[in-house]
Amino acid sequence: MHWTAHAGTPLQGVLGIPGDKSVSHRSVMFAALADGISTIDGFLEGEDTRATAAIFECLGVRIETPSPSRRVVHGVGIDGLQPGAAPLDCGNAGTGMRLLAGLLAAQRFDSVLIGDASLSKRPMRRVTVPLAKMGARIDTEEGGTPPLRIHGGQPLVGIDHTLEVASAQVKSALLLAGLYAHGETVVREPHPTRDYTERMLSAFGVEIEFSPGFARLRGGQRLRATDVAVPADFSSAAFFLVAASIVPGSELRLRQVGLNPRRTGLLTALRMMGADITEERSGMHGGEPVADLRVRYAPLHGIEVPEALVPDMIDEFPALFIAAACAEGPTVVRGAAELRVKESDRLGVMAAGLRTLGLQVDETPDGATIHPGAMHGGQIASQHDHRIAMAFAVAAQRATGELLIRDVETVATSFPGFAELARAAGFGLV
Ligand SMILES: O=C(O)C1=C[C@@H](OP(=O)(O)O)[C@@H](O)[C@H](O)C1
Ligand SMILES: C=C(OP(=O)(O)O)C(=O)O
């Protein structure tokens with residue numbers, strides 16, 4: 001599947017953005033482990049989160065879908081999961097696989113976790129090595145990639161672990177294993193990362209101590225069913241924040257977007273670049289800060305992205321690169337080597353795409369300098385990476401020619417309905 005994208009009209013309207021992917025994955029996992037019935041509202045109907053829900057059904061959990069974006073999960077209790085008959089398919093989702101590695105390592109049965117071609121290349125030792133310290137036994141392929149063959153029935157012990165890379169996925173895997181471990185599990189982070197696991201475990205009745213960069217829990221606790229309200233996904237909203245910022249005459253309102261401070265680094269970066277984004281109707285939704293984001297076109301200037309912001313905008317760099325391409329003066333990114341091990345090598349793939357459109361991008365091992373300029377048309381290889389595909393659909397709104405964006409089907413992993421919503425707002429996108 002591909003898109004033909006070209007400059008459309010100024011972007012206008014009030015948009016509803018689908019539910020948060022990180023929160024949706026966790027909601028179904030924790031509801032499955034809880035005692036009692038939990039309802040999830042705003043669940044992301046994306047392929048990644050549906051894959052996680054399907055895995056829990058394979059593990060014996062009854063999950064009803066009374067209407068789109070709603071799930072009723074009949075929790076089986078902390079020790080109630082049943083062995084899956086076949087390998088469990090995480091699809092494209094690093095989050096699904098890494099969190100499940102921690103959870104399934106603690107079960108009394110064996111499991112195998114598999115994924116698609118992209119996930120099958122992603123590094124898993126970052127979870128299997130610290131989990132092994134807790135007593136888990138997980139085999140990877142040579143090179144540390146999936147499938148993960150998890151040997152159940154291992155007694156686990158809590159550890160005090162400092163993460164090597166700032167990763168909410170690794171932190172969460174250890175905390176989930178820690179729920180089953182003897183003693184306490186402590187996770188310390190070099191830079192604070194999203195704390196949805198900590199917040200949501202607490203909402204499910206688990207005693208957990210946490211502060212930015214730190215989490216501690218004791219094994220042997222049970223989860224109590226609760227209802228979860230999922231906020232709109234800031235990472236999906238990001239494409240519209242950039243698009244309206246770079247297309248003259250645009251004004252969009254994005255309704256009730258999740259603004260967890262560990263997710264909004266792009267908002268800070270765009271404002272440093274001169275973007276006109278205001279927060280209105282601020283409130284709380286499901287324990288998370290939310291607000292309507294009103295974004296109007298504004299001329300942007302290049303910046304040096306502060307390295308401290310990188311973990312808070314780790315999924316937003318494809319969108320940031322497009323803002324940088326349309327700014328006045330270069331933008332410099334450093335300290336973002338993690339981008340090379342996402343669904344694609346996002347530094348390399350974004351640089352290659354922008355060069356195809358006529359821009360100069362100087363790559364370094366952990367970043368890039370983007371030199372802005374006029375973008376012409378061309379063919380973009382998204383490398384089956386949803387965020388690359390959406391980023392170039394945004395770029396096309398400022399390009400002088402047409403972009404053929406290849407392999408866009410993975411957009412459905414995180415943002416089903418993106419193309420329809422974008423067209424309704426004024427994008428030229430077929
Ligand atoms: O915990 C999560 O839900 C996520 C954590 C981040 O990954 P890392 O933990 O690898 O940084 C992020 O890139 C991913 O999209 C979602
Ligand atoms: C990196 C991402 O997700 P995951 O790690 O779950 O595949 C993403 O959505 O940009």
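Visitor: Is R122 buried, exposed or partly exposed, and how is that read?

Guide: The reading rests on a count of neighbouring C-beta atoms within 10 Å, where 20 or more marks a buried residue and 12 or fewer an exposed one. In this predicted model, R122 has 18 other C-beta atoms within 10 Å, so R122 is partly exposed.

Visitor: Where in the chain does R122 sit, and which residues does R122 touch?

Guide: R122 belongs to the loop that runs between β7 (111-114) and α4 (125-133). Setting aside residues up to four places away in sequence, R122 touches G94, T145 and V341.

Visitor: Is R346 buried or exposed?

Guide: The cut-off for a buried residue is 20 or more. R346 is buried because 25 other C-beta atoms lie within 10 Å. R346 lies in helix α10, which spans residues 346-356. Beyond the neighbours within four places in sequence, R346 is in contact with F317, P318, L339, D385 and I388.

Visitor: What does UniProt list for "binding site"?

Guide: The unreviewed UniProt entry lists K21, G94, R122, Q169, R346 and R387 under that heading. Such annotations may be inferred rather than shown by experiment.

Visitor: Which residues are around ligand 2?

Guide: The shell consists of N92, A93, G94, T95, D315, K342, E343, R387 and S414. By class, one is nonpolar, four are polar and four are charged.

Visitor: Where does ligand 2 lie relative to domain 1 and domain 2?

Guide: The idea is to ask which domains supply the shell. Domain 1 (2-19 + 232-429) and domain 2 (21-229) both contribute residues to the shell, so ligand 2 lies between them.

Technical notes:
Residues are numbered from 1 along each chain as its sequence is written. Chains are lettered from A and ligands numbered from 1 in the order in which they are written. This is a predicted model: local features need pLDDT of at least 70, side-chain atom pairs count only at pLDDT 80 or more; totals for chains, interfaces and linings use all residues. A residue is near a molecule or strand if its C-beta atom, placed from the backbone, lies within 6 Å of it. Ala, Val, Leu, Ile, Met, Phe, Trp, Tyr, Cys and Pro count as nonpolar, Asp, Glu, Lys and Arg as charged, and the others, Gly among them, as polar. Domain bounds come from an automatic or database domain assignment. Helices (H or I, at least four residues) and strands (E, at least two) are DSSP runs, numbered from the N terminus. Two residues are in contact if their C-beta atoms, placed from the backbone, lie within 7 Å.
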